[in-house]
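I opened my notebook to record what I looked up, one topic at a time. The structure comes first, then my entries.

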Amino acid sequence: MAQIANTGLGGDSMSRRLIASHSASGFLLFLLLVGSISTAAAQTCPSNVPHVDGVWRTLPYLFPINPISATLLSNGRVLIVSGSENNAYNSEGSETYRFAVWDPTRTDESSIVVQNIGYDVFCSGTAVLPDGRPLTVAGTQTYQFTGDNRASIFNPLTSQFPQSQSMVAGRWYATATELGDGGIVAFSGTDETSSYSTNNTVEIYDLANAGAGWSSPVTAPFTPPLFPRMELLPNGSVFFTGQGSGLPCPSTCPQSTPNGWLFDPSSRTWTQSATVTTSRTYGSAVILPLLPPNYTPRVMNFGGNSTTASTNSTETIDLSAASPTWTPGPNMSTARVMNNAVILPNGTVLSEGGSVDYETPDTPGKHADVYDPVMNAFSSGGTAAYSRLYHSTTLLLPDATVMSLGSNPVRGSYEPAIEIYTPSYLFDANDRPIVANRPTITNVSVSVLGYAAPFTVSYTSSNPIGSAVLMRPGSVTHSFNFDQRLVGLCGPSPQPACSPGSGTLSLTTPPNGNVAPPGYYMLFLLDSAGVPSKAQFIQLTRHSSTPPTDTITSPASNVTITAGNSVNFGTTSTSYQYSWIFPGGFPATSTLQNPGNVTFNTPGTYLTTLTAIDSFGNTDPNPPTRQITVLPSGPDFSIVVSPVAAQVFPGQSATFTVTITPETGFNGTVSLSVGSENGFPTGITSGGFSPPSISGSGSSTLTMNTTTDALPYALSLTVTGTSGTLTDTGSTTLLVNLAAPTNLTTATTNSGVSLSWTGSTGATGYHVKRALASGGPYIGIGCPTSKSFTDATVVNGTTYYYVVSADYTGGVNAGGESTESTEASGTAIGTPPTLIATYEDQNSDKVGRGCSLSPGPLPNIHLQLSGLWEASPASIKVQDIQNNGAVWFKPCNNVNWITLVQLDGGGVADLWFENFSGNINTSYQVTVTYADGTSQVAIASVPAATPTPTPTPTPTP
């Protein structure tokens, strides 16, 4: 029987695990893997049992820019919009506002491509257009947090990020919400005049609105908080919960409104809705799964902060009710503010991150909760390695896992570690990944579909399909996901049945765009056990026509001009309408086929676009562009810093190349400096530039040094070049990482499996994990501070697979964990049994398991064995060492009349047998053999004893 060790699961967690166990064998394996419960260690050494909690995994590379906003694209990649990255040194005139595209299917830092964008999109809102291109709304005008009025559209096909038409007024912290007709509502945000002036107008963007793009502003009858929580309902209205992210002006900006509101896009009017129960600033909200046939809209609030404290409470509202009101829901495991909520394909909601106090990390916040709308209850979502606070982002990925990025409680630095959460639905009851038995979509009959349209899906699956769902790819920032939505296609009654089955499903798309706004969706199939497939993207469209295309004839290619000059634009393509956009140009837009000359007065790099529009309002999803580079009219220079980020371990140095390029005859000397908004933290210093200045053009090498005291984190660096009155800046990032332990080795002893490894510089402890299969998933079994550990919770003959990660504490994000070491394996030997020998009276009968031992002429001998490796060995042999006599013990049904074995099921065996040698002073060797051929051997000496005397007959009187 396995020995039991402390593993750090609290009592409440254990109760949940017992309920969730899929089978007796699964529960036995659970015990073998994690042992018994230790409440004291619960928050310091998480176990994360895969089939119960899911698994959190830290990737081996870091994110090179601050991931403030994240949007899942229709190609499975993730768009990160950062701008100045919450670093005032990068604001107001910087030429290196940044964004990135990340491919989460790849395995190293080459999966992330960083690019520049022409203005500061920091703290913008993003929603995805019907053609799959994200529209990023507004941004930061100044670091007094006034709003910018510009907007941009990212093209996943070209990775370009050209500007669209601008709004009337600025919006910093604006929410973007797609409507049923594909238009996008922009609401709230501080305007361009003051961070204390909230823009309470609605503007709606329509791709088919050639020229203006945006509708005329409509003023709301109330002042909203920033980033208001808004959801499109199946009746076409937009529900504002009354909550938002009310900072940065708590004295004047409302943290919440007294009640929610409904916006009617058709009439452009607002109607008062349900009374708000409490302020939930920086809490999260989701619209729960919309299931046929009624698509009942229910919205749920998670956590948030009132004027006094954050809360662990939740609440829901049914917007289909005649008089909707908020109803209290179950509590999360901890109070959360600045948390995220993600809908999973099985309809549950992952609530993770945040903390009790604003921007203050705590251990309970690392533990995630999973809400089940059917049971109206929470279960464990496991424990992450990192706190995720302000500016953290969480998204569902196409493989049904969840990414978790960022945390930015202090300006100028952020948490670069990337974690992936694999939910429990991807593990079987034995904690092994479900791979071969996972449903697989092999074909979809049509990938572009209208509404209420039939289509078929071909699939393979070991189990029947239990449900099919469409998942809208998410777009998240500041604790709220603008786009996520689950729409059911088939499932348990009263939904349509998933039929006919046997490898083919006949499905029908949702009835209209209010239920499922036009655009791309992830199609998931879930089997009867709730295991989801990987997703296949499909597109829902309102249009029956093929999207039109255009080409730009003039100019024929990209152009470089000097400020004040013009470029001639035109096309020979024929379209119903033309929508030209000229960022930085005059005029800024045109609806003419041949707009002619456009003048550019401000230096910079601009992408002009031409969007074709047909008579049905369908638009080109991949509009052509021309890059217009506008040089200053007088001498100037530009600065570029490479690489975009450099990674070091504590005690190492990193170098960056700074390149100066002259413009318009510049030949001055540029002096270089480097800084970050809050300075350099302990353990990080600048080694300076070599050379310290550049004349005319050339490059310099910047060295950044770290000591072993440097804490793992990301530091935003701004390199400034100065020449007289001319100044330019460039951005990069110093990534300080914690190395994984190396040289992990194992050795087997009678006490278990002993591990040792080479430690990581900067580590304050280690996390030992093991699995029953190579490659994991791994379950935590110990958190030593030393570089060795003995796993005593082993079963004889079982091979275990181990990894170790390094932990660190301290810093503004309160520590974290490295990626895992390479794997090492060890096969348990176990502990020899301990034998105790005693006598039984010669006249006694021993009865057990239906067998009996009759008295004999000599004393019966009793041996007790403890410490058996398994509850039921194959056989036990007892040998009289002096006389070579031997007797075999087998399971009770085969017991000989002179032998009896009784097993207690807990590693103890009692043996009774007749003293077959006749000796009363001897020793016995016991050999215990198991089904796999392994055995244990021990020796017991029997103390001398005197045979029981024969009673003297009583004389007959």
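**Entry 1: aromatic pairs.** I started with the ring rule: rings of Phe, Tyr and Trp (its six-membered ring) pair if their centres lie within 6.5 Å, and planes under 30 degrees apart count as stacked, over 60 as edge-to-face and the rest as tilted. By this rule I get 32 aromatic pairs. I looked up Phe99 and Phe154. Their ring centres are 5.9 Å apart and their planes stand at 70 degrees, so I file the pair as edge-to-face. Phe99 is in strand β4 (residues 97–102), and Phe154 is in the loop between β8 and β9. I noted how elements are named: helices (H or I, at least four residues) and strands (E, at least two) are DSSP runs, numbered from the N terminus.

**Entry 2: model and ground rules.** I am working with a predicted model, in which local features need pLDDT of at least 70 and side-chain atom pairs count only at pLDDT 80 or more, while totals for chains, interfaces and linings use all residues. Residues are numbered from 1 along each chain as its sequence is written, and side-chain values use heavy atoms, with hydrogens and water left out.

Entry 3: Phe99 has 1% relative accessibility, so I count Phe99 as buried. Phe154 also comes out buried, at 1%.

Next I took Phe569 and Trp580. Their ring centres are 5.9 Å apart with planes at 65 degrees, which makes the pair edge-to-face. Phe569 sits in strand β41 (residues 566–569) and Trp580 in strand β42 (residues 577–581), 11 residues apart. Phe569 is buried at 1%. Trp580 is buried at 0%.

I also found a cluster. Ring pairs link Phe122, Tyr143, Phe145, Trp172, Tyr173, Phe227, Phe480 and Phe482.

**Entry 4: how many disulfides are there?** My rule is a pair of cysteine sulfur atoms within 2.5 Å. A search of the whole structure gives 2 disulfides. One joins Cys45 to Cys783, with 2.3 Å from S to S. This link is right-handed, with 90 degrees about the S-S bond. Cys45 lies in the loop between α2 (24–34) and α3 (50–53), and Cys783 in the loop between β60 (779–782) and β61 (788–791), so the pair ties together parts that are 738 residues apart in sequence. Cys45 is buried at 6%. Cys783, at 30%, is partly exposed.

Cys490 and Cys498 form a disulfide too, with sulfur atoms 2.1 Å apart. I read 100 degrees about the S-S bond, and the link is right-handed. Cys490 is buried at 1%, and Cys498 is buried at 17%.

**Entry 5: salt bridges.** I used this rule: a side-chain nitrogen of Lys or Arg within 4 Å of a carboxyl oxygen of Asp or Glu. The structure holds 13 of them. I checked Arg171 and Glu203, which meet at 3.1 Å, N to O. Arg171 lies in the loop between β8 (146–153) and β9 (175–178), and Glu203 in strand β11 (residues 201–205), so this bridge ties together parts that are 32 residues apart in sequence. Both Arg171 and Glu203 are buried.

Arg280 and Glu315 meet at 2.9 Å, N to O. Arg280 is in the loop between β16 (269–275) and β17 (284–287), and Glu315 is in strand β19 (residues 314–318), 35 residues away. Arg280 is buried at 4%. Glu315 is buried at 4%.

Glu820 and Lys769 form a salt bridge at 3.2 Å, N to O. Glu820 is in strand β63 (residues 816–820) and Lys769 in strand β59 (residues 765–771), 51 residues apart. Glu820 is partly exposed at 25%, whereas Lys769 is buried at 8%. Shared partners join Lys769, Glu817 and Glu820 into one network of salt bridges.

**Entry 6: confidence.** The protein's mean is 87, and 85% of its residues reach 70 or more. Over residues 1–43 pLDDT stays under 50, and the model has 87 contacts (heavy atoms within 4.5 Å) there beyond four places in sequence. Residues 845–851 also stay under 50, with 19 such contacts. Where pLDDT is low, the predicted coordinates should not be read in detail.

Terms used
Buried means under 20% relative accessible area, exposed over 50%, partly exposed in between (1.4 Å probe, protein chains only). pLDDT is the predictor's confidence in each residue, from 0 to 100.
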